[in-house]
Amino acid sequence: MLLAMSTKDELLNEIDRFLKRTGIAPTRFGEESCGERSILKRLRRGGKLTTDTYDRIKSYMHARRNERPSRRAEIQSAA
């Protein structure tokens with residue numbers, strides 16, 4: 001099942017906030033969350049988002065919601 005565009009946009013915004021907070025690279029995020037290094041690039045270019053991929057990404061972020069920001073993220077936010 002494919003998800004609506006607004007759902008995809010909301011998810012991408014949530015991912016961007018997660019990446020900024022944690023300092024995780026987009027390719028690492030893709031690999032660890034759903035086994036596809038280029039998932040964010042594909043979604044930003046208009047690729048389709050399935051409910052399975054959505055669920056995997058949300059689960060990944062939920063499982064790491066309490067992780068401390070990486071040193072890289074702390075440096076970026078201080079600049």
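**Exercise 1. The overall fold**

Which pattern does the chain follow when read along the sequence?

*Solution.* 
Step 1. The model under study is predicted. Along the sequence, its chain shows the pattern α-α-α-α-α.
Step 2. The chain has 79 residues, of which 29% count as buried. Its exposed surface comes to about 5,300 Å², and carbon and sulfur atoms supply 49% of that area.
Step 3. Consider the contacts in the chain with a separation of 6 or more: 70% of them are between residues 24 or more positions apart.

**Exercise 2. A buried charged residue**

Determine where K8 lies and what surrounds its side chain.

*Solution.* 
Step 1. K8 belongs to helix 1, which covers residues 5-22.
Step 2. K8 is buried and has no salt bridge. The nearest side chain of opposite charge is that of D9, at 5.9 Å. A salt bridge requires the nitrogen and oxygen atoms to be within 4 Å.
Step 3. A polar atom of the K8 side chain does lie 3.4 Å from the backbone oxygen of L43.
Step 4. When neighbours within four places in sequence are left aside, K8 is in contact with L43, G46, G47 and L49.

**Exercise 3. An aromatic pair**

Classify the arrangement of the rings of F18 and Y60, and state whether these residues are buried or exposed.

*Solution.* 
Step 1. A pair of aromatic rings is described by the distance of the centres and the angle of the planes.
Step 2. The structure holds three aromatic pairs. In the pair of F18 and Y60, the ring centres are 6.0 Å apart and the planes stand at 70°, so the arrangement is edge-to-face; the cut-off for this class is an angle over 60 degrees.
Step 3. The pair links distant parts of the chain, since F18 is in helix 1 and Y60 is in helix 4 (residues 51-63), 42 residues apart.
Step 4. Buried means a relative accessible area under 20%. F18 has 5% and is therefore buried; Y60, with 4%, is buried as well.
Step 5. Together with F29, the residues F18 and Y60 form one aromatic cluster.

**Exercise 4. Salt bridges across and within helices**

How many salt bridges are counted? Examine the pairs E14 and K58, D16 and R44, and R28 and E32.

*Solution.* 
Step 1. Side chains of opposite charge can pair when their charged atoms come close. The count for this structure is five salt bridges.
Step 2. E14 and K58 meet through their side chains, with an N to O distance of 2.7 Å. This pair links distant parts of the chain: E14 lies in helix 1 and K58 in helix 4, 44 residues apart. E14 is partly exposed at 26% relative accessibility, and K58 is partly exposed at 27%.
Step 3. D16 forms a salt bridge with R44, their closest N and O atoms being 2.2 Å apart. Because D16 is in helix 1 and R44 in helix 3 (residues 39-44), the pair ties together parts that are 28 residues apart in sequence. D16 is partly exposed, at 32%, as is R44, at 43%.
Step 4. R28 and E32 form a salt bridge of 2.9 Å, N to O. Both residues lie in helix 2 (residues 26-34); they are four residues apart and therefore separated by about one helical turn. R28 is partly exposed with a relative accessible area of 42%, and E32 is partly exposed with 40%.

Technical notes:
Residues numbered from 1 in each chain as written. Predicted model: local features only at pLDDT ≥ 70, side-chain atom pairs only at ≥ 80, totals over all residues. Heavy atoms only, no water. Helix = DSSP H or I, 4+ residues; strand = E, 2+ residues; numbered from the N terminus. Buried < 20%, exposed > 50% of the residue type's maximum accessible area, 1.4 Å probe, protein only. Contact = heavy atoms within 4.5 Å. Areas by Shrake-Rupley, 256 points an atom, 1.4 Å probe, with all protein chains shown as cover. Lys, Arg positive; Asp, Glu negative; His and termini not counted. Polar contact = N/O pair within 3.5 Å; in protein donor to acceptor, adjacent residues only side chain to side chain. Phe/Tyr/Trp six-rings, centres within 6.5 Å; stacked < 30°, edge-to-face > 60°.
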